[in-house]
Amino acid sequence: MDFNFKEEQLQLADALKRWIARDYTFEARRAIVGAPAGVSGTAWATLAELGLTALPLPEALGGFDGDAVDMFVVMQELGRGLVVEPYFATMFGAEFLRRGRAHDALLERVAVGELKLACALGERQSRHDLRDVATRATPAAPDGDGWRLNGEKKVVLHGAQAGVLIVSARTAGAQRDEDGITLFAVPADAAGVVTRDVRMLDGQRAADVLLRDVKVGADAVIGVVGAGWTILEAAADYGAGLLCAEALGAMDALFAATLDYLKTRQQFGVPIGKFQALQHRMADMYVHLEQARSMALLAAVRLAGDVGGDQAAERRRAVAAAKYRVGQAARFVGQQAIQLHGGMGVTDELPASHYFKRLSTIELTLGDCDHHLARFIAQPGFYDDEEAA
């Protein structure tokens, strides 16, 4: 299996890296995070100009047919630059629409950067279980064709910045059943949609979304009524894969910053990087980082080759394993970096603390380590593999 990136992918990564170094510096990012909007329209326009909003979308809709490995390259650089724009939220939402195959007009607007998306999936009681859906969708009759949505979604990434929300709602079944979940594309300005925007620990924006008797047409359904779990699970795996790539970029940058600090910080007349105990800790960080990189790349390859059937089973296992391993590495690398920086590591003026906050948030998004470890163990064949070993 060839894990070398293509020349086009490397060129895209280089272009993105140069833009971040020139226009999205750490100080520029701090200004964006501190502003009322929390995002930059100029930065979003640049991402669209670079073709990143079109990258994973079908060529027939103005996209470039990019796969998960192409997106891995992009997300890694965005993680390295601590970019807080709603790119992940929009590409995550676009995966639902792409798999639903019924909202081409929305995807065309996403491709040119005209439309941002957000995924309203989690609820107060659901934690990491996306099957736990209490939000209800009921037929709008006798008022006419369509549906009425009622419920509340929590911590919707960039929910207040989106033009369309991807909402999971229950049209049948019990609260935790896979069957009976239906996905909807809901205009964010629809009557009855109420959002409360907040800034999270890592500087990213999120919103609580209240749905009060929200009326949508029958054409708002993504996929098949009552059979949304297949799309939801596959899209969530795709999103988790993107987050793994972003975490790798952040860990790369944090590792490099820590190494540079050890080479320049003086104690007893020598750089502290001369001390063997600290060299051992850096070596441990490097091992965690490279193991996480291998797992994240494997997950990206599995996502790129996912066409259902056996490939879907491989995708589930690879993504669960990657999210678990990357989450472990993010925690270890982040904690070690903060300790090696000393008191400086927790200051707002130093990038190290911001990387650690972002890594901590990624670990909790779309399933934490415990969730994905349990998910990996629950995959068919796990205990057979154990017995064979």
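**Overall build and a closer look at helix α4**

The protein exposes about 17,100 Å², and carbon and sulfur atoms supply 53% of that area (areas come from the Shrake-Rupley method with a 1.4 Å probe, and for residues only the protein chains shown count as cover). This is a predicted model, so to speak of local features a pLDDT of at least 70 is needed, side-chain atom pairs count only at pLDDT 80 or more, and totals for chains, interfaces and linings use all residues. Residues are numbered from 1 along each chain as its sequence is written, and side-chain values use heavy atoms, with hydrogens and water left out.

On the inside, 53% of the 389 residues are buried (buried is under 20% relative accessible area, exposed is over 50%, and partly exposed is in between, with a 1.4 Å probe and protein chains only). The protein has 12 helices and 10 strands (DSSP runs numbered from the N terminus: H or I of at least four residues for helices, E of at least two for strands). Its radius of gyration is 21 Å, close to the 21 Å that the globule rule gives for 389 residues, so the protein is as compact as a globular protein of that length (the radius is taken over C-alpha atoms, and the rule is 2.2 Å times the number of residues to the power 0.38). Along the principal axes, the C-alpha atoms fill a box of roughly 80 × 55 × 40 Å.

Now for α4, which covers residues 68-80. This helix has 13 residues and reaches 18 Å from its first C-alpha to its last, close to the 18 Å expected at 1.5 Å a residue (the expected span is 1.5 Å times one less than the number of residues). Helix α4 is mostly covered, with 12 of its 13 residues buried; among them are Met-71, Phe-72 and Leu-78. Those buried residues pack against α1, α3, α5, α7, α8 and α10 (a contact means heavy atoms within 4.5 Å).

Most residues other than glycine have a negative phi. Leu-82 is not a glycine, yet it has a positive phi of about 55 degrees. Leu-82 lies in the loop between α4 and α5 and is buried, with a relative accessible area of 5%. Phe-268 is not a glycine either, and its phi is positive at about 55 degrees. Phe-268 sits in the loop between β9 and β10 and is exposed, with a relative accessible area of 72%.
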